[in-house]
Amino acid sequence: MNPTQQVDMPTPQVPTNHGYGVGLFFTLFIFLMSYNVNTLAASCCGGGASSGIILPKFNDAMWDINLSHEAYDGAWSKDGSYQKDPADSELLQRRLDLSYAYRLADQWQLNIGLPLIDNQNKYSGENSSVQGLGDMQLSVWYEAFDKVTCVYKINGWESLKPSLYFGSSLTLPTGISSYSDRVDSSFDITGLGFYRLDVNIIIEKTVYPFSLSWQGKYGYTFERPVNQENGQAVTPYNKQLGNRSASIFSAAYTWFLPNLSMLTMTASHSQLEEDKTKYDGQTDNNSGLHKTTMGLSFAYSSAVRDWIIKLGISEAQDGENIPKTQIINMGISHVY
């Protein structure tokens, strides 16, 4: 989920016989940035779009700035075996994700994400430093609920109703990909080089002080012609990456501080899958990927819920055909 969803909840009354009350806002989802296809946004295997944000239900607009530091530590092969990087290697990608959301109607919102990428790599004696845009993302979301669904206690079936979001996202290949003119090696990559259309769903339920959420995503990547790879001309062919699916489960707990500001801790577990790539319609059996990621994050929200400060870390646990990564995120959001 998105950390700014906390503004949807009513302000609780703090008991007079406690130093502070305990409650929960909607699940912090700083690790949207670490679970989804953007986990691949790296110098080793391509970039991605900003993960996007979700505008709280009763607000008109918001902006979000997130800085992430992604370090690479070897990779998993096709059969899932782990392989270390050569000695003295250091592969890093830093991202500055700029996102903006705007309410189109009572239950509709639009958001845009723009990532700025900095690749710093040392590998087998080769040094590389590249800066540029990543792949932009445009998203539209529909809120399939009319009022806030978080409750303080269960009072019948009506109080069990969750928050439900449906969305669609278009990734634009604005980054530097393997098929760009100005690419000398894979370390130069900041984008995937493909248009992709995703459908998304978020289901979340809060019963103070706990919250559970699940997000699912399925993406279709459009076929494209290729006539060069890593700066070298190749025999023209058509390439289509496999469809991608992602699933995230998260659980959160929030403490209300004496001034009614909030501190929330969220643990997340995510799965990313990509089907096999096709070349001129023929399947490449050595392609496809899988990745499992665990994350832990914290968010501090002001008493009026208009400012949110975020900090989190995630680490890949296992995978196939994909690097092992660790990501540290820091961010700030402001809601209008």
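Let's start at Asp280, which sits in the loop between strand S14 (278–279) and strand S15 (282–283). Keep in mind that this is a predicted model. Phi of Asp280 is near 50 degrees, a positive value in a residue other than glycine. Why point that out? Because most residues other than glycine have a negative phi. As for cover, Asp280 is partly exposed, with a relative accessible area of 48%.

Next, Leu260. Its place is in the loop between strand S12 (244–256) and S13. Leu260 is not a glycine either, yet it has a positive phi of about 70 degrees.

One more backbone point. Which two residues does a cis peptide bond join? Tyr208 and Pro209, with omega at about 10 degrees. Most peptide bonds are trans. Pro209 belongs to the loop between strand S8 (196–207) and strand S9 (210–221).

Now salt bridges. How many does a search of the whole structure find? Seven. Let me walk through some of them.

Take Asp64 and Lys310. Their side chains meet in a salt bridge, 2.3 Å from N to O. Asp64 lies in strand S1 and Lys310 in strand S17, so this pair ties together parts that are 246 residues apart in sequence. Are the two partners buried or exposed? Both Asp64 and Lys310 are buried. For Asp64, the relative accessibility is 3%. The cut-off for buried is under 20%, so Asp64 qualifies.

Stay with Asp64 a moment. Strand S1 spans residues 61–76, and Asp64 is found there. Its side chain also makes a polar contact with the side chain of Ser333, at 2.3 Å. So what does the Asp64 side chain meet? Lys310 in a salt bridge, and Ser333 in a polar contact.

Asp97 is at 4% relative accessibility, so it counts as buried. Arg95 is at 5%, so it counts as buried too.

Arg196 has 3% relative accessibility and counts as buried. Asp198 is buried as well, with a relative accessible area of 1%.

Then there is a network. Which residues are linked in it by salt bridges? Lys57, Arg103 and Glu143.

Let's move to Leu96, in strand S3 (residues 90–105). At 30% relative accessibility, Leu96 counts as partly exposed. Look across to Ile117. Leu96 and Ile117 are 21 residues apart in sequence, but 6.7 Å apart in space, C-alpha to C-alpha.

Asp60 gives another such pair. It is found in the loop between helix H1 (32–35) and S1. Asp60 and Ala105 are 45 residues apart in sequence and 9.1 Å apart in space, C-alpha to C-alpha. Asp60 has 52% relative accessibility. Why does that count as exposed? Because the cut-off for exposed is over 50%.

On to Thr264, in strand S13. Buried or exposed? Buried, at 0% relative accessibility. The Thr264 side chain makes a polar contact with the side chain of Thr254, at 2.3 Å.

Finally, the surface. There is a nonpolar patch of about 870 Å². Its members include Leu67, Leu263, Met265, Phe298, Tyr300 and Leu311. Which strands each supply at least two residues of the nonpolar patch? Strand S13 (262–274), strand S16 (289–301), S17 and strand S18 (322–335). Leu311 is the one I would click on; it lies in strand S17. At 45% relative accessibility, Leu311 counts as partly exposed.

Asp79, Glu273, Asp275, Asp318 and Glu320 gather in a patch of negative charge on the surface. Asp318 lies in strand S17 (residues 307–320). It counts as partly exposed, at 34% relative accessibility.

So strand S17 came up several times. Lys310 lies in it.

How values were computed
Residues numbered from 1 in each chain as written. Predicted model: local features only at pLDDT ≥ 70, side-chain atom pairs only at ≥ 80, totals over all residues. Heavy atoms only, no water. Patch = residues over 30% accessible without salt bridge, like charges linked within 9 Å, V, L, I, M, F, W, Y side chains within 5 Å. Areas by Shrake-Rupley, 256 points an atom, 1.4 Å probe, with all protein chains shown as cover. Salt bridge = Lys/Arg side-chain N within 4 Å of Asp/Glu carboxyl O. Lys, Arg positive; Asp, Glu negative; His and termini not counted. Charge placed at Lys NZ, Arg CZ, Asp CG, Glu CD. Helix = DSSP H or I, 4+ residues; strand = E, 2+ residues; numbered from the N terminus. Buried < 20%, exposed > 50% of the residue type's maximum accessible area, 1.4 Å probe, protein only. Polar contact = N/O pair within 3.5 Å; in protein donor to acceptor, adjacent residues only side chain to side chain.
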